Amino acid sequence: MIGNFVTQHEPEIIASFQRLLAIESVKSHPVPGGPFGAGPAEALSYMLQLAESRHLATKNVNGYAGHVEYGTGDEYIAVLAHLDVVPAGEGWTYPPFGGVIDQGRIYGRGAIDDKGPAMSALWALFALQEAGVLPRRKIRLIFGLDEESDWQCVEHYFRYESKPIGGFTPDAQFPLIYAEKGMATLCIEVPAEADSLAAQIQMFSGGTRYNMVPEVARATVDCHSETAARELVIKFRKVAKDLQVSLHSEVRSCFVDLTVEGRSAHASRPEVGINAIVQLAQLLGTATVSNCSMWRSVGSWDYFGRALGIDHDDGETGPLTMNVGTGELRDGVYRFHLNIRYPADQSIDELLKSMSNYLPDRWRITLVEHMDPLRVDPNSTLVQTLMEVYKQFFKEDISPLTTGGVTYARAIPNAVAFGARFPEKPSLAHQADEYWEIDDFLRSIEIYAEAMTRLANAL
């Protein structure tokens with residue numbers, strides 16, 4: 001039944017996905033009616049207008065978030081998705097906001113995180129409406145606009161709207177995520193040194209978001225003479241070759257400009273990226289430059305946190321991971337932002353204490369943001385119902401998973417992450433050439449229609 005609906009409407013479904021991907025919904029300066037900028041506001045408006053064209057009830061909650069409803073009653077189950085995306089970054093083969101289709105894949109920032117899954121959930125609701133399916137409880141799709149930053153969207157939304165009795169977010173992978181690590185972003189500040197005997201760092205910057213592995217880092221070094229600058233470039237090029245670092249360097253009189261290129265990835269999986277900040281620090285730590293000991297320290301910061309004494313694995317949610325997301329030199333102070341995903345049995349206080357024992361006293365550590373771990377009982381009605389739905393479509397003996405990701409499942413009671421990435425498919429969130437296979441996108445519509453119906457009847 002739902003499959004027939006998808007087949008009949010396939011061109012329209014795909015076109016709507018392309019239209020949503022074409023909206024550059026990166027958080028920016030507030031505009032009237034858009035506290036997170038014009039792009040996120042346009043994306044929300046498009047989704048609500050699409051629902052209204054099919055005569056479904058919608059609501060825009062002050063531009064922070066919005067929802068689409070189907071069914072009646074006071075209690076409801078929710079599907080929370082987000083329409084904001086991280087910046088496109090560099091290295092794309094296809095336009096990041098083009099919605100280009102090539103060889104069965106649709107490319108664009110947000111294709112899998114999380115515009116595509118949001119669109120598949122909306123079309124699942126349209127399918128239920130057309131089929132006349134009327135579950136016991138109301139179904140509400142909630143679209144947030146600040147998930148990639150500060151979650152002000154859902155915080156504001158639930159000041160005005162009641163919370164659901166349960167639900168899911170289509171913002172991870174199948175079959176299901178029942179536990180999520182804790183998340184903390186720390187800022188480490190180090191005073192810049194003025195050493196007349198060393199080459200002086202004049203400029204340093206890297207990364208754009210805490211929750212992205214930085215793909216580019218830059219520095220300018222004052223070597224005090226052109227001869228010294230040329231000698232330093234020769235040294236850096238040799239070290240870069242030995243360390244397999246992608247380095248671009250240029251001499252300008254007594255200055256050396258350095259650009260290191262890494263590979264972006266989601267901060268919850270730093271091992272699949274190449275951290276440009278850490279690699280630049282490794283280069284700088286081999287030379288006589290200002291803050292040399294700091295560069296050697298930063299260059300040793302591995303993604304398990306061993307160099308900072310915070311590595312840990314609880315055996316269930318997995319090992320701690322750490323991403324040096326951004327770095328800069330400003331007003332005489334170096335600032336590094338570390339995004340850390342820590343196991344469920346570890347506490348933020350323990351983590352901060354361990355780190356402070358490894359860093360010099362004059363280095364200042366500040367907790368910027370923090371979310372406790374999340375764990376839902378794998379034997380709960382919620383988890384068992386969704387696992388049954390998954391196994392209805394895929395006859396696999398597969399168990400629910402844990403993740404280092406942070407999802408909207410934390411924003412409501414009795415919720416987990418359910419899809420949208422299928423097992424064995426690559427994790428492309430926050431990477432260049434992010435895409436979703438069209439067959440998987442269309443299949444998810446059927447899965448989400450069944451999941452919403454089953455949950456609305458079971459919870």
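This is a predicted model: local features need pLDDT of at least 70, side-chain atom pairs count only at pLDDT 80 or more; totals for chains, interfaces and linings use all residues.
The largest nonpolar core takes in 92 residues, and Met119, Phe168, Phe418 and Met452 touch the most other members. Helix H11 (residues 438-458) supplies the largest share of this core, with 11 residues. A second, separate core holds 50 residues, including Ala184, Ala229, Leu280 and Val298. Setting aside neighbours within four places in sequence, Phe168 is in contact with Ala78, Val79 and Leu80, with Leu386, with Val416 and Phe418, and with Tyr448, Ala451, Met452 and Leu455.

Helix H4 (residues 115-131) runs for 17 residues and spans 24 Å from its first C-alpha to its last, close to the 24 Å expected at 1.5 Å a residue. H4 is mostly covered, with 14 of its 17 residues buried. Just after H4 comes Gly132, which takes a positive phi of about 75°.

Leu145 sits in the loop between strand S6 (138-144) and helix H5 (152-160). Beyond its neighbours within four places in sequence, Leu145 is in contact with Phe36, Pro40, Leu44, Gly63, Tyr64, Leu83, Asp84, Cys153 and Tyr408. Val85 lies 60 residues away from Leu145 along the chain, yet their C-alpha atoms are separated by 8.5 Å. Lys238, in helix H6 (residues 226-243), makes a contrast: Lys238 counts as exposed because its relative accessibility is 55%. Between Lys238 and Pro95 there are 143 residues in sequence and 35 Å in space, C-alpha to C-alpha.

On the charged side, the count comes to 28 salt bridges. One of them joins the side chains of Arg19 and Glu42, at 3.2 Å from N to O. This pair links distant parts of the chain, with Arg19 in helix H2 (residues 10-21) and Glu42 in helix H3 (residues 38-52), 23 residues apart. Arg19 is partly exposed at 35% relative accessibility, and Glu42 is partly exposed at 37%.

An α-helix has 3.6 residues a turn, so residues three or four places apart point the same way. The side chains of Arg159 and Glu155 form a salt bridge, again listed at 3.2 Å, N to O. Arg159 is exposed at 56%, while Glu155 is partly exposed at 47%.

Lys425 and Glu437 make another salt bridge, their closest N and O atoms being 3.2 Å apart. Here Lys425 belongs to the loop between strand S21 (420-421) and strand S22 (435-437), and Glu437 to strand S22, 12 residues away. Both partners are partly exposed, Lys425 at 27% and Glu437 at 23%. Elsewhere, salt bridges with shared partners tie Lys59, Glu69, Lys138, Arg140 and Glu161 into one network.

As for the cysteines, the count comes to zero disulfides. Cys223 shows why: the closest cysteine sulfur, in Cys254, is 7.4 Å away from its own, too far for a bond. Cys223 is buried, with a relative accessible area of 7%, and Cys187 counts as buried at 7% relative accessibility.

Finally, an unreviewed UniProt entry lists residues 256-315 as "domain: Peptidase M20 dimerisation". In the model, that stretch is 28% helix and 10% strand, with its end C-alpha atoms 46 Å apart.

Key
Residues are numbered from 1 along each chain as its sequence is written. Side-chain values use heavy atoms; hydrogens and water are left out. A disulfide is a pair of cysteine sulfur atoms within 2.5 Å. Buried means under 20% relative accessible area, exposed over 50%, partly exposed in between (1.4 Å probe, protein chains only). Helices (H or I, at least four residues) and strands (E, at least two) are DSSP runs, numbered from the N terminus. A nonpolar core is a set of buried Ala, Val, Leu, Ile, Met, Phe, Trp, Tyr and Cys residues joined through side-chain atoms within 4.5 Å. Contact means heavy atoms within 4.5 Å. The expected span of a helix is 1.5 Å times one less than its number of residues. UniProt positions are given in the numbering used here, feature names are shortened, and annotations may be inferred rather than shown by experiment. A salt bridge is a side-chain nitrogen of Lys or Arg within 4 Å of a carboxyl oxygen of Asp or Glu.
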